[in-house]
Amino acid sequence: MELNGVTIDDTYAEAFPTWVARPIITAVTEEWAYKAAVEAVGFATSTIGCPAEAGIDCFVSPDETPDGRPGYAIMICASKKKLKTQVIERLSECVLTAPTTAVFDGLADVVAEVQEKLPVKLHFFGDGYEEKREVGGRTVWAIPIMEGEYIGEEEFGAVKGVAGGNFFVMGENQMAALMAAQAAVDAISGVCGVITPFPGGIVASGSKVGSKKYKFMGASTNEAYCPTLKDKVEDSKVPEGVKAIYEIVIDGVDEDAIRTAMAEGIRAATKVPGVKFISAGNFGGSLGPFKFELADVLAEYL
């Protein structure tokens with residue numbers, strides 16, 4: 001198969017279940033909302049070594065937020081057991097502390113049904129001086145702080161979503177592959193209900209489950225896709241002419257969101273000169289139950 005002259009591998013991306021919350025952070029300006037959002041999703045690239053996977057979903061315009069201010073929707077993905085703690089810690093440490101911020105639940109904007117509710121009681125920070133208010137038809141708490149007041153909802157929806165949707169961008173050199181990966185992430189940013197949690201949305205060190213040599217490692221380098229090992233390993237999957245590979249990992253509120261994001265990202269990547277091949281990562285079912293066949297994902301474009 002080919003798309004825009006780029007070979008599409010006959011394979012699938014393997015993904016796994018996760019639980020997702022989607023707070024919307026608003027502030028006096030888009031810049032301050034963005035700064036708070038960036039802090040809130042820090043250290044959250046992979047559940048291999050981070051307490052959650054998180055990222056910025058999209059910008060939310062003032063006419064779409066409860067308080068009429070610019071905002072950013074973020075997504076926090078974790079196990080059902082860990083999700084509540086992650087939402088509390090990230091909002092309390094990174095958003096309550098940020099200038100002019102307010103927080104509202106944004107999950108119902110992108111899913112048909114909210115499956116769980118997470119109580120997030122930050123109002124105790126007010127030490128008895130807090131009070132309930134109504135903003136945009138929503139019940140919130142106003143917490144007095146040194147700059148004025150922090151406004152926030154305290155019940156956040158959660159839904160069982162999908163983590164680990166992915167594809168590989170393979171280029172004739174590092175810059176071609178990187179530019180194509182960046183184009184893919186830019187395209188995916190226009191899809192609501194998904195995040196690309198790694199730095200800049202791009203994974204330079206794609207991994208495999210476990211390790212051949214070090215049994216204490218839960219994940220290790222994916223040698224089959226390392227260009228420098230092409231002539232050193234028997235099972236190399238690096239095509240001829242490929243010198244660099246980047247992985248795009250996508251978490252979403254459901255399978256449809258993942259499919260849409262993969263399709264948009266792959267289509268954008270294949271338009272960049274120097275891209276030779278598109279593939280995806282899977283581990284025979286050892287990672288998770290979701291399978292995203294590249295041919296199916298791209299059916300309307302092929």
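**Exercise 1. Overall dimensions**

Determine whether the radius of gyration of this predicted model agrees or disagrees with that of a compact globule.

*Solution.* Step 1: for 302 residues, a compact globule would have a radius of gyration near 19 Å. Step 2: the protein has 21 Å, which agrees with that expectation. Step 3: for the extents, take the principal axes, along which the C-alpha trace spans about 65 × 40 × 30 Å.

**Exercise 2. Composition, burial and contacts**

State how many helices and strands the protein has, what share of its residues is buried, and what share of the contacts between residues at least 6 apart in sequence joins residues at least 24 apart.

*Solution.* Step 1: the secondary structure consists of 5 helices and 18 strands. Step 2: with under 20% relative accessible area as the cut-off for burial, 53% of the 302 residues count as buried. Step 3: of the contacts between residues at least 6 apart in sequence, 74% link residues at least 24 apart. Step 4: the accessible surface amounts to about 14200 Å², and carbon and sulfur atoms contribute 51% of it.

**Exercise 3. Helix α3**

Describe the span of α3, its N-terminal cap, its buried residues and what covers them.

*Solution.* Step 1: α3 comprises residues 174-188, and its 15 residues reach 21 Å from first to last C-alpha, close to the 21 Å expected. Step 2: the N-terminal end is capped by asparagine 173, with a side-chain oxygen 3.2 Å from the backbone nitrogen of methionine 175. Step 3: the buried residues are Ala176, Ala177, Ala180, Ala181, Ala184, Val185 and Ile188. An α-helix has 3.6 residues a turn, so residues three or four places apart point the same way. Step 4: the cover of these buried residues includes the strands β12, β13, β16 and β17, together with helix α4.

**Exercise 4. Helix α4**

Identify the residue that caps the N-terminal end of α4 and list the buried residues of this helix.

*Solution.* Step 1: α4 runs over residues 255-269 and reaches 21 Å. Step 2: the cap is aspartate 254, which places a side-chain oxygen 3.3 Å from the backbone nitrogen of aspartate 256. Step 3: Ala257, Ile258, Ala261, Met262, Ala263, Gly265, Ile266, Ala268 and Ala269 are buried.

**Exercise 5. Positive phi angles**

Locate asparagine 4 and threonine 100, and explain why each counts as partly exposed.

*Solution.* Step 1: asparagine 4, in the loop between β1 and β2, has a positive phi near 55° without being a glycine. Step 2: asparagine 4 counts as partly exposed because its relative accessibility is 47%. Step 3: threonine 100, in the loop between α2 and β7, is likewise not a glycine and has a positive phi of about 65°. Step 4: threonine 100 counts as partly exposed because its relative accessibility is 22%.

Notes
Residues are numbered from 1 along each chain as its sequence is written. This is a predicted model: local features need pLDDT of at least 70, side-chain atom pairs count only at pLDDT 80 or more; totals for chains, interfaces and linings use all residues. Side-chain values use heavy atoms; hydrogens and water are left out. Helices (H or I, at least four residues) and strands (E, at least two) are DSSP runs, numbered from the N terminus. The expected span of a helix is 1.5 Å times one less than its number of residues. Buried means under 20% relative accessible area, exposed over 50%, partly exposed in between (1.4 Å probe, protein chains only). A polar contact is a pair of N or O atoms within 3.5 Å; within protein, one must be able to donate a hydrogen and the other to accept it, and residues adjacent in sequence count only if both atoms are side-chain atoms. The radius of gyration is taken over C-alpha atoms; the globule rule is 2.2 Å times the number of residues to the power 0.38. Contact means heavy atoms within 4.5 Å. Accessible areas come from the Shrake-Rupley method with a 1.4 Å probe; for residues, only the protein chains shown count as cover.
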